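Here is a short report on one structure. Look at the sequence and the 3D view, then read on.

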Amino acid sequence: MTFKELKQGYSIYILDKDNMCVKNGKVVSVSAPHIDKKGFDLGVALVVDVVLDIDGNVATYTFKEDTEAGYVQ
């Protein structure tokens with residue numbers, strides 16, 4: 001399933017590399033695909049903003065719309 005196919009309430013799993021554990025989160029919302037204003041290295045890319053609730057902490061992450069895995073710092 002790609003990031004653009006996520007829906008509100010879906011479960012998502014996060015690998016926390018710092019603590020070497022897997023966390024379970026919930027999708028709060030997913031934006032419609034839009035052009036990335038920050039720019040990925042590969043030119044113009046359509047992205048989605050995914051709002052996740054992970055252990056009670058809600059944060060927004062931006063991923064390329066057609067990918068199944070992503071990395072954030």
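The side chains of Asp16 and Lys23 are joined by a polar contact of 3.3 Å. The model is a predicted one. Beyond its neighbours within four places in sequence, Asp16 touches Cys21 and Lys23.

Asp16 sits in strand E1. Leu15 is also placed in strand E1, which spans residues 11-16.

| Residue | Relative accessible area | Class |
|---|---|---|
| Leu15 | 53% | exposed |
| Asp16 | 14% | buried |

The cut-offs explain the classes. Asp16 counts as buried because its 14% is under 20%. Leu15 counts as exposed because its 53% is over 50%.

Leu15 also belongs to a surface feature. Together with Tyr13 and Val22, Leu15 makes a nonpolar surface patch of about 370 Å².

Now to the aromatic rings. How many aromatic pairs does a search of the whole structure find? There are 2. Phe3 lies in the segment before E1, while Phe63 lies in strand E5 (residues 57-64), so the pair ties together parts that are 60 residues apart in sequence.

Are Phe3 and Phe63 buried or exposed? Both Phe3 and Phe63 are buried.

Technical notes: Residues are numbered from 1 along each chain as its sequence is written. This is a predicted model: local features need pLDDT of at least 70, side-chain atom pairs count only at pLDDT 80 or more; totals for chains, interfaces and linings use all residues. Side-chain values use heavy atoms; hydrogens and water are left out. Patches are made of residues with over 30% relative accessible area and no salt bridge: like charges are joined within 9 Å, nonpolar side chains (Val, Leu, Ile, Met, Phe, Trp, Tyr) within 5 Å. Accessible areas come from the Shrake-Rupley method with a 1.4 Å probe; for residues, only the protein chains shown count as cover. A salt bridge is a side-chain nitrogen of Lys or Arg within 4 Å of a carboxyl oxygen of Asp or Glu. Helices (H or I, at least four residues) and strands (E, at least two) are DSSP runs, numbered from the N terminus. Buried means under 20% relative accessible area, exposed over 50%, partly exposed in between (1.4 Å probe, protein chains only). A polar contact is a pair of N or O atoms within 3.5 Å; within protein, one must be able to donate a hydrogen and the other to accept it, and residues adjacent in sequence count only if both atoms are side-chain atoms. Contact means heavy atoms within 4.5 Å. Rings of Phe, Tyr and Trp (its six-membered ring) pair if their centres lie within 6.5 Å; planes under 30 degrees apart count as stacked, over 60 as edge-to-face and the rest as tilted.
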